[in-house]
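Let's walk through how two chains can sit against each other. Have the sequence and the 3D view ready as you read.

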Protein chains: 2
Amino acid sequence: MEFKFADTVKNLNPSAIREILKYAADPEVISLAAGNPAPEAFPVDDVARISARILKERPVDVLQYSTTEGYGPLRSRLTSYMKQKHNIGRDFDNILITSGAQQIVELVAKVLCNRGDVVICEAPSFIGSLNSFRSLGGRLVGVPIESDGMDTAALERALKANPDAKFIYTIPNFQNPSGITMSMEKRRRLYALAREYDVVIVEDNPYGDLRFEGEDIPAIKSLDEDGRVVYAGSFSKVLAPAIRVGYTIAPAELLQKMIVCKQGEDVHTAMWSQMICEQYMATVDFEAHLEDLRSIYRKKARLMISLVEEYLVPAGITYADIQGGLFVWCRLPDGVDMPAFCKRAVVDYKVAIVPGNAFLVNETDPCQNFRLNFSTPTDEAMKTGVARLGALARDILG
Amino acid sequence: MEFKFADTVKNLNPSAIREILKYAADPEVISLAAGNPAPEAFPVDDVARISARILKERPVDVLQYSTTEGYGPLRSRLTSYMKQKHNIGRDFDNILITSGAQQIVELVAKVLCNRGDVVICEAPSFIGSLNSFRSLGGRLVGVPIESDGMDTAALERALKANPDAKFIYTIPNFQNPSGITMSMEKRRRLYALAREYDVVIVEDNPYGDLRFEGEDIPAIKSLDEDGRVVYAGSFSKVLAPAIRVGYTIAPAELLQKMIVCKQGEDVHTAMWSQMICEQYMATVDFEAHLEDLRSIYRKKARLMISLVEEYLVPAGITYADIQGGLFVWCRLPDGVDMPAFCKRAVVDYKVAIVPGNAFLVNETDPCQNFRLNFSTPTDEAMKTGVARLGALARDILG
């Protein structure tokens, strides 16, 4: 039969990244296109030990239906941890465990957006979230990002032009794809603007613990006096992504609707995954583990930057400074055809990178950027990959 | 702040079942309200053995990001299994692994429904699916259910009255909540009507393997010649619900959109869960396991029926015959206030049952039914629980 798809998904296509990753299946291709954590960062032995114990001591808890809100002990533990460490969570807030942080942004859009409602996001931004908003009929309005985060003057213009905007979506730390971190001043300004224009803020923070330079900047949620910030946290980058555990601390009234919708999506998050997270936090020195992760990523990031300096900068490619996260955001000189560069990189030079337009509100907007990932490839692969990009750059840029 | 919720979720509330289950938290209350599989049916030792092995031999596969489509070996294994055992899956079909079957029905609604589009469902039907359709703006049209399944004459009237209906949602085997199974004749008629009116069928089959009497009836999907049936399968009742693994075999073109939407919901289903399912099917005698389950549920169902006969039938309560599944659907005599009966049951007699109107398209429609579950309670709890209901029935009905 011929399907009549909903208007919102008619033009929704698999992301450009997936297209690139198809080429990356070729074993000769070196992928700098992924966003996976470093496999050497997975605490394999601890997970195996905890798994054996919970399956021995509490098998029915691991296997039986549970509540949509999430595993009680994990909710309590995260509530105190986030309050103590980040001053996140007030009386009006509650916590919900989700199947990865992706589900949080999707649920917020589902409970707030009528078809055509405006969602304000950084441009560029994380493609998974953008597609999620699109699939629910959100109309995306992009706000440019500067070296210290969202351009707040442009944000104010966007809010003025869209007085019914439902929420502002931001990744304040080591943003995907740009690697940029929002300054404290801009976090305050963003919160003040959200108050003035009465919109919700969704603060997506999957990379916050992966800071390898500089000082932590308080979360926007820590400023939240009137219950308008939804904080989205994740175990994907600090424990393992395939367990699919995220958590949101958000106003209880909003969470209550998100819980009803989550019930209709997946009933609850897999219990093994939730119990692993809880017991990991309970029985392992979590802060020491985060320090280990930071040193793994610091080393990988420094290697990537030195390779970019060696092979790409001499050819006129620039990049944005980073203090954490998984990505380096590079920029080709004006006049160079960026999509063609990325295509030639993977087809002729066997190195996969992500074309920057994939992260835009409109993929057809002009864009000179591409994204490099340093967390997934081995050091060797990074060296060969960036050297190949350098050869391509010299070939094209002379 | 005051939240402006989407129109679709404004009136969406936690299900009535959840309200009942709040009372059930009282340790004195016996719950016949759940829909959980029997904990003694969980293959705990096999899961522990498989878990230890995969974490030892393939830890990175268990922990690293994977593809949205699902774990390759599980997809292949299920594809052959479903083809061989149920004649499900043709050239135009593909398979997607989901985070429980709940996600399948939600994704179908998401890719097909504009706000206000009609979804035809059995009345009564599974509340999780109904809420899922509501949360996406589907307009529910209920078709009464007879002792051999959906009233197909009423279905035809519903299709005629709603020519733009997007899909028909059915649970053909041991339906939740009614326990009713659709006859082969009606399956054929349903498929023919779907063809005639050009709508999709969503065949939700979580209980199909739990037949403890009579002969299996072929799936509607096995009749699907022109690619309009979405088959939803689940490991929740045959392995364990808290692993959250479902699978859909459906036309590839439809699946492709569902995959993009799933990516925006939870990226992929937890890998530990998927690998457990795959290795369970690979290393355990799955058919023998299903036979064990059937004998557990046969015994529990027979006990429940004998208790209903002993305590409730003499008071004028009737029930629908069942050949499988987890539920018995009872009916109070006309004139008895059903919601009041259920409320008194839990408050005064300390036994939780689900009022039937919770499963209706409009919860305020008249309804004389309530649902009993026999899979979760122990035999002892069932005996005490139904005896208490009998006392209440005698008290009210004289």
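The copies meet through the same surface, because 100% of the interface residues of chain A are also interface residues in chain B. This is a predicted model, in which local features need pLDDT of at least 70 and side-chain atom pairs count only at pLDDT 80 or more, while totals for chains, interfaces and linings use all residues. Residues are numbered from 1 along each chain as its sequence is written, and chains are lettered from A and ligands numbered from 1 in the order in which they are written.

Now look at the interface. Here 64 residues of chain A are in contact with 64 residues of chain B, contact meaning that C-beta atoms, placed from the backbone, lie within 7 Å. Among the helices of chain A that each supply at least two residues to this side are helix 3 (44–57) and helix 11 (271–283); helices are DSSP runs of H or I, at least four residues, numbered from the N terminus. Helix 10 of chain A gives the largest share, 9 residues.

Finally, zoom in on one crossing. The axes of helix 6 (residues 101–112) of chain A and helix 10 (residues 252–266) of chain B come within 5 Å and cross at roughly 105°; axes are lines fitted to C-alpha atoms over the stretch in contact, with angles from 0 to 180 degrees between N-to-C directions. That makes helix 6 of chain A roughly perpendicular to helix 10 of chain B (65 to 115 degrees).

Key
Angles under 35 degrees count as roughly parallel, over 145 as roughly antiparallel, 65 to 115 as roughly perpendicular and the rest as oblique. Two residues are in contact if their C-beta atoms, placed from the backbone, lie within 7 Å.
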